[in-house]
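Please walk through this structure with me.

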Amino acid sequence: MKRLAILGGVVLALLLIVLLVPKQQDRISGKDAEELEGVFPHVMPEDARRVTITYQASNLELVHHDDKWWVKAAERDWPADSRAVDALFQGIGNLQLDRAVSGTAEKHDLYELTDTKSATVKFFGERDTELLAVRVGKLGPDMKTTYVRGFNEPKVYVAQGSLRPMLERKTELWRDRSFARLEPNEIHKLLIEKQGKPPLTIERDIADSAAWKVTDPKGVTPTPTFPQECDNVARQFASMVASDLPPPAPDAEYGFDKPAGTVTLTTFNGKTIKYTFGKTNEARQIYARNSDAEGIVYLLQSWMADRVMPTLETLLGGEPQVSPLPPAGKK
């Protein structure tokens with residue numbers, strides 16, 4: 001009897017799953033590919049000027065000005081993560097529908113498409129004209145599709161892509177946390193001023209590993225590993241992403257009044273960017289800022305700062321090899 005009761009419970013549980021979990025092949029009649037294509041208008045990035053995302057108690061607003069997308073905040077507008085914005089337009093602004101699965105509001109709760117359970121995305125164009133308003137529900141059983149419906153429409157559709165997770169991101173994660181993103185071959189010169197060490201300048205006249213040289217201090221003889229070590233520094237500037245963007249504060253709070261070091265980078269096209277590194281916290285993260293992003297503080301893993309502020313000994317693979325300078329007036 002006990003086994004029968006257990007078996008009965010298992011059967012009942014399976015039956016409930018069959019009844020409650022939306023079937024991947026469910027569809028309503030009368031919707032061919034051409035009809036589905038016209039359900040939601042496609043929104044191009046160049047046509048939009050504002051996007052709002054509402055999910056539970058979270059409200060995000062993205063605005064477009066100065067040829068960039070920004071995260072709207074009370075204290076200031078923050079540069080938006082371009083990759084996140086691109087994904088938003090590709091996924092939601094360009095909805096690709098597979099099929100319709102419900103024609104009434106009865107199953108909105110099941111698909112997490114009620115007013116309280118869904119995430120709402122609205123795109124606005126010039127003069128704040130609404131271009132698209134869509135409610136985004138839960139993921140499909142395959143985790144590669146998402147249930148959606150028009151903002152005030154009852155019909156439910158299956159859209160391609162895992163769309164819901166991007167809309168559940170915290171507002172802070174929509175901000176561009178890129179501290180440095182340069183192609184290594186763009187870098188012409190680096191002036192490294194590290195606390196407790198003499199200034200160090202490395203540069204090259206052409207974008208070639210073999211062209212790296214030490215110009216300050218003078219008279220340094222490169223070692224066989226020197227070009228590779230310089231390239232390692234240049235490559236680090238290709239991807240430096242902050243783990244957090246702390247709020248603005250007086251320089252002393254983050255150690256910018258007495259920085260651990262600075263790196264002044266010059267590109268081959270003449271652009272100069274200064275990177276400043278302040279205090280290191282208990283989690284081995286360092287506060288930093290760069291002259292290209294005024295007023296923004298970045299929190300980086302400290303090893304990133306170590307890699308872009310090497311000592312001369314590190315670049316030479318040991319003790320510096322300095323040739324004696326010739327007497328004054330002689331070459």
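A nonpolar core is a set of buried Ala, Val, Leu, Ile, Met, Phe, Trp, Tyr and Cys residues joined through side-chain atoms within 4.5 Å. Buried means under 20% relative accessible area, with a 1.4 Å probe and protein chains only; exposed means over 50%, and partly exposed lies in between. This is a predicted model, in which local features need pLDDT of at least 70 and side-chain atom pairs count only at pLDDT 80 or more, while totals for chains, interfaces and linings use all residues. Residues are numbered from 1 along each chain as its sequence is written, and side-chain values use heavy atoms, leaving out hydrogens and water.

Start with the core. The largest nonpolar core has 72 residues. Leu62, Leu88, Val121, Phe237, Tyr275, Phe277 and Leu300 touch the most other members. A second, separate core has six residues, among them Val101, Tyr111, Tyr147 and Val158. In soluble globular proteins, nonpolar side chains tend to be buried together.

Now look at Phe237. Setting aside residues up to four places away in sequence, Phe237 is in contact (heavy atoms within 4.5 Å) with Ala180, Arg181, Leu182, Ile187, Leu190, Val263, Leu265, Tyr275 and Val308.

What does Gln236 contact, leaving aside its neighbours within four places in sequence? The partners are Trp303, Met304, Arg307 and Val308. Gln236 belongs to helix α5, residues 226-236. Helices are DSSP runs of H or I with at least four residues, strands are runs of E with at least two, and both are numbered from the N terminus. Gln236 has a relative accessible area of 9%, so it counts as buried.

Turn to the strands. Two strands pair if DSSP finds at least two bridges between them. Strand β1 (residues 50-55) pairs antiparallel with strand β2 (residues 58-65) over six bridges. Arg50 stands opposite Val63 in β2. The hairpin of β1 and β2 has two residues between the strands, and Gln56 there takes a positive phi near 50°.

Strand β2 also runs antiparallel to strand β3 (residues 68-71), joined by four bridges. His65 has Lys68 in β3 as its bridge partner. Two residues lie between β2 and β3 in their hairpin, and Asp66 in the turn has a positive phi of about 55°.

Finally, step back to the whole chain. Its secondary structure comes to eight helices and 18 strands. Buried residues make up 41% of the 331 residues. Of the contacts with a separation of 6 or more, 59% join residues 24 or more positions apart.
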